[in-house]
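Dear colleague,

My notes on its salt bridges and surface follow.

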Amino acid sequence: MRHIISILIENESGALSRVAGLFSARGYNIESLTVAPTEDPSLSRMTLVTSGSDQIIEQITKQLNKLIDVVKLIDLAEDAHIERELMLIKIKTTDKNRAEVRSMADIFRGRILDITPETYVVEMTGPSEKLDAFIAAVDADCIIEVVRSGATGISRGEKGLHL
């Protein structure tokens, strides 16, 4: 099962390396990872996506909690949450397919950020499934490049990751 683990971590050099090392040493895979400072400059929020059984995820969270840099963590998959990912996709265009690409971007609520005579760059945010569906809808031969941020998320309601 896929889990989004949100970690409040001290904003110090080596903290990311220790988290990645923990996963590497135990043979766990990190599917995506985003890190950015919080409103408190001494803390960063790390959002990590991984997969595994409930026992494996429990083991991962126990090991993460043992790291000295980790202040607090939650598994967003346990409760209602909002998940988003950012994607930039560069698509080869011709006179014949420009209207179709523009229409698809509109249908998926994407924005065209850059237009050249041969390409469109489309920005899209949403759940990973939506971004996957857009990629599947575009002719594979027309995709030049795809850049994705990885998932980030936040709990719904009063629950949150804070001190």
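E145 is partly exposed, its relative accessible area being 42%; here buried means under 20% relative accessible area, exposed over 50%, and partly exposed in between, with a 1.4 Å probe and protein chains only. The model is a predicted one, in which local features need pLDDT of at least 70 and side-chain atom pairs count only at pLDDT 80 or more, while totals for chains, interfaces and linings use all residues. Residues are numbered from 1 along each chain as its sequence is written, and side-chain values use heavy atoms, with hydrogens and water left out.

The side chain of E145 meets that of K90 in a salt bridge of 3.8 Å, N to O; the term requires a side-chain nitrogen of Lys or Arg within 4 Å of a carboxyl oxygen of Asp or Glu. E145 belongs to strand β8 and K90 to strand β5, so this pair ties together parts that are 55 residues apart in sequence. Strands (E, at least two residues) and helices (H or I, at least four) are DSSP runs, numbered from the N terminus. K90 is partly exposed, with a relative accessible area of 29%.

R148 and E85 form a salt bridge through their side chains (2.8 Å, N to O). E85 counts as buried at 8% relative accessibility, whereas R148, at 30%, counts as partly exposed.

R148 also forms a salt bridge with D132, the closest N and O atoms being 2.7 Å apart. This pair links distant parts of the chain, with D132 in helix α4 (residues 128–137) and R148 in strand β8, 16 residues apart. D132 is partly exposed, with a relative accessible area of 40%. Through shared partners, salt bridges join E85, D132 and R148 into one network. A search of the whole structure finds seven salt bridges.

The surface also carries a nonpolar patch formed by L86, L88, L113 and V147, with about 290 Å² of accessible area together. Patches consist of residues with over 30% relative accessible area and no salt bridge, like charges being joined within 9 Å and nonpolar side chains (Val, Leu, Ile, Met, Phe, Trp, Tyr) within 5 Å. Accessible areas come from the Shrake-Rupley method with a 1.4 Å probe.

With kind regards
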